[in-house]
Structure formats: structure tokens, C-alpha cells
Amino acid sequence: MTTVDLGALRDHLRPVAAALRERALAVDTDPGALHALLDSGVLPYRQLGGFPPGYLDDPLRVRGVPVLVRTCVERAVVAETLAWGDASVVVGAPGPSMSGVVVDDLADDEQRDRFYRHVAQPRTWTFFGLTEPDRGSDAAALETAVVAGGVLRGHKKYVGNVARASLGVVFARHRPGPLGVGVYLVDTARPGFDAAPLVTTGMRAVQLGEVRLRDVPLRPEDTLGRHLSPSRRGLLGAVRTFNRLRPVVAALAVGVTQAALDYVRTERSSFTADERGLLETFDDRLHAARALVLQAARGADADPADGTLPAAAKATALDLADEVTRTVPALLGPGARWEHPYLDKLVRDVPGLEMMEGTRTVQRLTLAQGWLQGRARHAELV
């Protein structure tokens, strides 16, 4: 559990969020502009990456106290605060990202050191290769496989940062059955690894891409969880990773919602009584969603195997972000999205958040399972 002063962490990062907002439209227009943003030094992406102790000489310091951003609570606060500026940059920045979470869960000491020493170098992106064009993120139905000769063969799609990453993890089947899915640490420079970016409407800094794995060679030391029993690796790694990351995606949605409400109030000086009531209702729901996200993050830190509250948090936060970003542009007139491109960007980014770590339909199924199993004590908040 975190001992960080979360209010101080938010205050420390607000100037960073403001700087991201100033550059948000440039990156949205040209994702390559992310490099100029990194050159500017306004985003301490390495300090916010969640590195274990010993891999950074200059960790983030908040009121003189080092903050490693290793817990789900810390990651959620960082995500929400910076998403007020640009959620896509938060996800598209270099660093361990999702791969780091699964490495933390499954890797042995040698693999963990290999991963973090590599990623600690400036401007090193990673990728998380789970989603497939025909199977989505259903890890139990993967078609990507380790075939004869110990090579990876398959097709992954909608993978963040994959075209510019140098290292990441690939989920692939090595035998039939629920225990037949493995997770492999893969260098993108290996022969047969062919990645390219996709064109997207929102979350453009993430540069979603696809990768074709044409007999990519594997080594024995690439198998994450090789020191664990089959029941503790593979699919379990995906489940625990998603449970830790869903509160973070929910926090991104909270940040986008706050940005939309603040933007409308900045651009318009007065509202009718009905409009004020609408905005105040949104404020109240946002306050509740933020509390639920933090509760879910604390739950994920305490027990990453239980995805009930993370699912509730993501469904709740995305419902609100979707409703707010679809509703508030009308308060600025019929041409608001054309005349206010930052607001238009917020609208376009929300569907990207919807697809990260499972849609709201998936979250509600998870929540229903938790309710039936007696774990959803706070489901009434949804």
C-alpha cells in the first residue's frame, strides 16, 4: 500500500498536466510530435514509469520524498492528473507500461533485471502483445502459438506503441488447454518481428499498431514464469495485470471527464439554471467515480487476483466520461467540436479508453461474477 501524500503528488504533477494540454493538439495532429514533447523535458516520463528501486538515479521527489509510482494507487493518481492534459500521451510515453506489470508478476530475478535495465534507457518503449484481430483480448482463445522449433507464429493487432518498441511481452499458446498459454519476453529486433502503426481517430499518441510474428525465434530464458508452476503463469498473469491496470484506465477516464467539465466552464461565463444543475450533477458523479477508482486501486494493491472493484471502477468512470463528453459540447453551441478542437479531441479519446483492458460489457460481466461470488460489497456504487 502507498504511503505517499496523494494530494501532494497531484499538486506536484498539475504543472506537467498543464504543459501536456498546451501540446495536446500538436501530438494529436502528428503523433511524431511526441518526440518534441519529450525533448522539451516537461514530462518526467522515466520518473513516472514505475521502475523498481535501483534502476533510476533520479526518482521523482514530492516534497523531498522519493516516489517510485509502483502501487496501483500511485499510478491511478498520476494517470488522472496527467489525463487532464492529454490521456493519450500518458499511455503513449516510453517506459515499462503494461509489460512492466506482468514482468513484476511473473519474471524471475534475471528476467526482471534484463527487462528493467533495458527499459531504463531514455526513450525506450515497450509493448503488450495480447490482442488478436480475430480473437480480441480473449487470452483463452489465442491463435498465436509457439510452434515446432521454438518460434513464435501469429498476428497481434491494436497493440500500443508496438511499432516503436524495442522490447515487450507476447501471449501465445504452447499447448492446448487452459494452462497452455505462455508469456514471452521478446526483443523487436529479432527476425520475423514485423510491426506497423495503424491510423486511429483518437488516443493518437499511443500509436496503436499490429505485428505479424513470422517464426520469431525464442530462447528458454524468454519464458516468463519459468520458475513458477503452470497454474501460476500464463492466463493468471493476464488476469492479475488487467486487475491492476483497470483502475488506472478508469483514472484516465476521470481525468478526461474533469478536463471536459473544466474546459466548458472556462469557455463560457454563464449558464442557465438547468445547465448549472446538469454540470453540478456531473460534478457529484465525478466525485463518486474518483472515490470508487481509488477504492478499486487500493483493492488491486491488496489483492490483484480479485477484479471485481477494478471492473466496477472502469465501467463507472467510462459511463461518465462517455456521457459528459457527448453532452457538454452542446453547451458551447452547435459548432463546438469544430470551434474547440481540444474538446473534440476529448470526445475522440474516450472510445480508445473504452477498448483498453476490456470494454464496459466485459467489466459488467466481471462485476456480475463478483456479485454472485459475494465479492462485490460496493456494487451499489455502480
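Predicted model: local features only at pLDDT ≥ 70, side-chain atom pairs only at ≥ 80, totals over all residues.
I number residues from 1 along each chain as its sequence is written, and side-chain values use heavy atoms, with hydrogens and water left out. Local features need pLDDT of at least 70 and side-chain atom pairs pLDDT 80 or more, while totals for chains, interfaces and linings use all residues.

I looked up the second largest pocket, which holds about 210 Å³ of space. (On a 1 Å grid over the protein atoms alone, a pocket is an open set of points where a 1.4 Å probe fits, with protein on both sides within 12 Å along at least five of seven lines; lining residues have an atom within 4 Å of a point.) The volume is the space filled by probe spheres set on the points. The lining includes Arg-10, Arg-14, Glu-80, Trp-84, Asp-262 and Arg-290. Helices H1 (6-29), H3 (72-92) and H6 (235-267) each give two or more residues. H6 gives the most, with 4 residues. (Helices are DSSP runs of H or I, at least four residues, and strands are E runs of at least two, numbered from the N terminus.)

**A charge over a ring.** I checked Trp-84 again. The charged end of Arg-21 sits over the Trp-84 ring, 3.6 Å from its centre. (This needs CZ of Arg or NZ of Lys within 6 Å of the ring centre and within 35 degrees of the ring normal.)

**Aromatic pairs.** I found 7 in the whole structure. (Rings of Phe, Tyr and Trp, its six-membered ring, pair if their centres lie within 6.5 Å; planes under 30 degrees apart are stacked, over 60 edge-to-face, the rest tilted.) Phe-51 and Tyr-116 are edge-to-face, at 5.8 Å centre to centre and 65 degrees between the planes. Phe-51 lies in the loop between helix H2 (34-40) and strand S1 (60-62), and Tyr-116 in helix H5, 65 residues apart. Phe-51 is buried at 2% relative accessibility, and Tyr-116 at 0%.

**Salt bridges.** I found 35. (The cut-off is a side-chain nitrogen of Lys or Arg within 4 Å of a carboxyl oxygen of Asp or Glu.) Lys-345 meets Asp-349 with the closest N and O atoms 2.6 Å apart. Both lie in helix H10, 4 residues apart, so about one helical turn separates them. Lys-345 is buried at 1%, and Asp-349 is buried at 1%.

Definitions and conventions
Buried < 20%, exposed > 50% of the residue type's maximum accessible area, 1.4 Å probe, protein only.
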